[in-house]
Amino acid sequence: MILDAFCLTGKVAIVTGCDTGLGQGMTVALAEAGCDIVGVNRKIPKETAAKVEALGRRFFAIQADLSQQNAIAGIVTQAVEQFGRIDILVNNAGTIRRDDALTFSEKDWDDVMNLNLKSVFFLSQAVARQFQAQGRGGKIINIASMLSFQGGIRVPSYTASKSGVMGITRLLANEWAQHQINVNAIAPGYMATNNTRQLREDAERNQEIVDRIPAGRWGTPEDLQGPVVFLASDASDYINGYTIAVDGGWLAR
């Protein structure tokens, strides 16, 4: 039956940045679909771990600063030691810095690019090597943004990094599809998370944003749950290099 294609029972997923918000929502969805989870964060995501374990799935926490590349090899090694294999990678960890382009600093540029783009490539590379060693392929899901499609304002390094995420998703899909490795991305629209609290607390700006969204509301972590399970499952086996916008119709406006 078709619903069987969405089942992830017995799969192992690495999810970066799963402590709160969108990352936590996607992690819980993968666990509900049957995954055991390796969560990679700067701190132990106790709430997320409890939610996963309450579903009867296993959760293994790895503390790592993904902006430092020396952490990446150890993530794959620990995941395999704990669960025996890896089937899914969700590159969700990210950060943002806001300032005018005329005054934007090199540090703010590097901090964002190192985490949002450089770590996405090199963790994907390490996990893809493990997929090849296992001989069964796998799924890589990157988290892009509306700013993968648009320029935005006052977030130059974030825009550059998320544009890069969409590009690198296509390149990796081109190279790795022959190995049964699917690489795709999700581009969330305006989501009610910690990163957007400042915008939502500005009554005028909040209303401007909501008025621009055909669905008439901010997105929530639950809105990403269906797309992430779909892209992690056998149901998406013939989708390669595509970025799915989950934006309430923002890009269609």
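Me: Why are α1 and α2 called roughly parallel to each other?

Reply: Happy to walk through that! In this predicted model, the axes of α1 and helix α2 (residues 46-54) cross at roughly 20°. Angles under 35 degrees count as roughly parallel, and therefore α1 and α2 are roughly parallel to each other. Their crossing is right-handed.

Me: How do you know that α1 and α2 meet?

Reply: Contact means heavy atoms within 4.5 Å, and on that basis Gln-24, Thr-27, Val-28 and Ala-31 in α1 meet Glu-47, Thr-48, Lys-51 and Val-52 in α2. By class, this contact has three nonpolar, three polar and two charged residues. The two axes come within 9 Å.

Me: What makes a residue part of the lining of the largest pocket, and which ones lie nearest its centre?

Reply: A lining residue has an atom within 4 Å of a point of the pocket. The largest pocket is lined by 50 residues, and Thr-95, Ile-96, Tyr-158, Thr-193 and Asn-195 lie nearest its centre. At least two lining residues come from each of α1 (21-32), β2 (36-41), α4 (106-134), α5 (156-176) and α6 (197-201). The pocket holds about 1,500 Å³ of space.

Me: How do you know how the lining of the second largest pocket divides into nonpolar, polar and charged residues?

Reply: Let's sort them. Asp, Glu, Lys and Arg count as charged, and the lining includes Lys-11, Asp-87, Arg-136, Lys-139, Asp-234 and Asp-237. The division is two nonpolar, four polar and six charged. Ala and Ile count as nonpolar, and Ala-232 and Ile-88 are in this lining. About 200 Å³ of space lies in this pocket.

Conventions: Residues numbered from 1 in each chain as written. Predicted model: local features only at pLDDT ≥ 70, side-chain atom pairs only at ≥ 80, totals over all residues. Heavy atoms only, no water. 1 Å grid on protein atoms, 1.4 Å probe; cavity = no way out; pocket = protein on both sides within 12 Å on 5 of 7 lines; lining within 4 Å. Points joined across faces, edges and corners; volume = space filled by probe spheres on them. Helix = DSSP H or I, 4+ residues; strand = E, 2+ residues; numbered from the N terminus. Axes fitted to C-alpha atoms, helices over the stretch in contact; angles between N-to-C directions. Parallel < 35°, antiparallel > 145°, perpendicular 65-115°, else oblique. Left-handed = near helix turned anticlockwise from the far one by under 90°.
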